[in-house]
Amino acid sequence: MIKRSPLVLGNKTLKDVTDDICAPVERFPSKGWVALFLGAKTLLLFYICILGAVVGIGIGLLGVTHPVFWGTMIVTFVFWIGIGHAGTLISAVLFLFRQKWRTSVARTAEAMTVFAVMTAGLFPLLHTGRPWLDYWLFPYPNQRGPLWVNFRSPLLWDVFAVSTYATVSMVFWYIGLVPDFATIKDRAKNKIRKTVYGILSLGWRGTAKNWSHYEMLYLLLAGLSTPLVLSVHTIVSFDFAVSNLPGWHTTIFPPYFVAGAIFSGFAMVVTLMTLVRIGFKEFKDYVTLDHMEVMNKIIMTTGMIVGYAYASEFFIAWYSGNPYERFVFANRAFGPYGWAYWMMVSCNVLSPQVFWFKKMRRSIPVMFVVSIFVNIGMWFERFVITVTSLHRDFLPANWGMYQWSWFDTGVLVGSFGMFLTLFLLYLRLFPAISIAEVKPVLNVGYEDEGGHH
Amino acid sequence: MATQYTKGIAGIWDKESLILKAARKTRETGFTKFEAISPYAVHGMEEACGITRSWIPYVTFIAGLIGLLSGLALTYWTSAVDWAVNVGGKPFFSLPAFIPIIFELTILFAALSSVGALFYACKMPKIDPPIIDPDLSCHKFAIFIPYNDVGYDESKIEKMFKELGALEVKKTEY
């Protein structure tokens, strides 16, 4: 029989697990954390200023102009929504598949989902140009008829998909946190901490009846989140695919976008996890090299699916016999934005190929660099799809270029400030590994001591 | 929320295998209102305590159905009845285009109602409920028998818990 390798290293007892995972919440923050937090927070302040200008002066500060009216905000929206998908994949889909290794990364991956969706959600709202009228996006009784929203529009589907996704993933994440908040409350020596975590734990006490309902709910939420996460990026791809523009109007978009989302999300999980392992030494026993290796395998697999989609798009463009379709793809690879296309291909298709080698899959510096490349590549993928399809369409009289301004850079870079600030706060304030979920898998890979399985 | 806490007796263990044995024994002795408290979901605890399958899935199903019908009603009524607007010559009731909305509302209703059901089932949120031992959310396990359970006898229960290897037996409130 093949021996399973342990999911948690170091022969931990139940008490050790609690102590290790609660430690970052209970001790004074390290210098490294404070430095990163100050950096991220400064970037967030910069972001707020940029967004203030974009809202106050107008969306014209960005490079959006004829014929490219979808730019950085839409590109970055799709990028961040995609990042979010890996979190749900790890927490819900792998849960349904009974992949026990997911337990120690699920919490952080899900936190990443919540923060990525929050970061993403701002963009379409601001991209309307008049965010103070954003409530028009929802169907509510009004005095204009009432004039209802157009339910036939993919943009409206997106409103429903993203808001449902944000709500459900936040609830799923919070429900997972409840028993761990109770643990921190019970350990707290300090009155404020006891009160705060006591409120957050909602009075959870962990009786067998409660656990029975809780486990059922967790399974149900996982079952609901799985089709939900697939629907969200499918609907995001409909924003493009339902239009008639060559380069957007393709049936491959939904699976292609979902695969790309998982790909980019796992890359972000690896980026963050390598850093968390450096920052919080005690987590190395929980998020082991085996975990990182499995995630790298997923990155390579989804990277090749994405590569296949790139190739398939070209083939279908040629096979369709449609001159506009053929032109768009030739223009994509060899036109003025060819550099972005080849950047995307080399980052997304070529760079993950190093993971064919076990040594590379298990090397922290290698995976960190590759995951950064994938993040860059996936941003460029959305840039290529959005901008290159728009900039040269049917009539040469309508051709033009995207007028990238430094506000575009500010929006893109600043969004990382928002994401990282939230993520760093999370690492300090919430148990970053699920305490109650890791305990039952402690014995995996060790000799069984009792008759239990 | 005003909840009455009941007095009773609790035994505390520090091994998963012992708590399972103790729960089974407690149930076999005839107690019905006892609670088994653990820091995580112990595999096999439901069988040991005789807990039946959770009823939350029924809530999920019905809420999902309500969400589906609400989505259908919302899209149909606004697009085809209340103020039908001709959009690109498409039918007023364009069902395929409404499916994403209907789907998202199904999921949203089902998920939020299930969470509501958990709150109801576990009587959450609860303000500052008494805890038998702070280690019960860390590495210890307990069984609590309330005073109003059938055949409640403190000395007998204490003896039984001790025989089952309890570290500690204490009179408490839960």
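Trainee: Which strand does β1 of chain B pair with, and in what sense?
Mentor: Strand β1 (residues 7-13) of chain B pairs with strand β3 (residues 141-146) of chain B, in the antiparallel sense, over six bridges. Bear in mind that this is a predicted model.

Trainee: Which residue is the bridge partner of A10(B)?
Mentor: F144(B), in β3(B).

Trainee: And what is the strand order in the sheet?
Mentor: The order is β2-β3-β1-β4 of chain B, an open sheet of four strands with antiparallel pairing. At the edges stand β2 and β4 (168-173) of chain B; each has a single partner strand, so one side of each has no neighbour in the sheet. From one strand to the next, the twist averages 25°.

Trainee: What does α1(B) touch when it packs on the sheet?
Mentor: α1(B) touches β1, β2 and β3 of chain B, and its direction makes about 20° with that of β3(B).

Trainee: How is chain B split into domains?
Mentor: The domain assignment gives domain 1 as 7-52 + 130-173 and domain 2 as 56-121. Between the C-alpha centres of domain 1 and domain 2 of chain B there are 45 Å.

Trainee: Switching to the interface. How many residues does each chain put into the contact?
Mentor: Chain B puts in 56 residues and chain A 52 residues.

Trainee: Which element of chain B gives the most?
Mentor: α4(B), with 15 residues on the side that touches chain A. Elements giving two or more residues to that side include α3 (56-82) and α1 (16-29) of chain B.

Trainee: What is the make-up of that side by class?
Mentor: On the side of chain B that touches chain A there are 35 nonpolar, 13 polar and eight charged residues.

Trainee: Now chain A. How many helices and strands does it have?
Mentor: Chain A has 15 helices and zero strands. Its C-alpha trace spans about 75 × 60 × 40 Å along the principal axes.

Trainee: Take A116(A). Buried or exposed?
Mentor: A116(A) counts as buried because it has 27 C-beta neighbours inside 10 Å. The residue sits in helix α4 (residues 103-127) of chain A. Leaving aside neighbours within four places in sequence, A116(A) is in contact with W80(A), I83(A), G84(A) and F419(A).

Trainee: Where are the cis peptide bonds you flagged?
Mentor: One runs from G145(A) to P146(A), with omega near -5°. Another runs from M124(B) to P125(B), with omega near -10°. P146(A) is in the loop between α4 and α5 (154-187) of chain A, and P125(B) is in the loop between α4 and β3 of chain B.

Trainee: What about phi of R98(A)?
Mentor: Phi of R98(A) is near 55°, a positive value in a residue other than glycine. R98(A) is in the loop between α3 (72-96) and α4 of chain A, and with 7 C-beta neighbours inside 10 Å it counts as exposed. L202(A) also has a positive phi, about 60°, and is not a glycine. L202(A) is partly exposed, with 17 other C-beta atoms within 10 Å.

Technical notes. Residues are numbered from 1 along each chain as its sequence is written. Chains are lettered from A and ligands numbered from 1 in the order in which they are written. This is a predicted model: local features need pLDDT of at least 70, side-chain atom pairs count only at pLDDT 80 or more; totals for chains, interfaces and linings use all residues. A residue is buried if 20 or more other C-beta atoms lie within 10 Å of its own, exposed if 12 or fewer, and partly exposed in between; C-beta atoms are placed from the backbone. Two residues are in contact if their C-beta atoms, placed from the backbone, lie within 7 Å. Ala, Val, Leu, Ile, Met, Phe, Trp, Tyr, Cys and Pro count as nonpolar, Asp, Glu, Lys and Arg as charged, and the others, Gly among them, as polar. Domain bounds come from an automatic or database domain assignment. Two strands pair if DSSP finds at least two bridges between them. Axes are lines fitted to C-alpha atoms, for helices over the stretch in contact, and angles run from 0 to 180 degrees between N-to-C directions.
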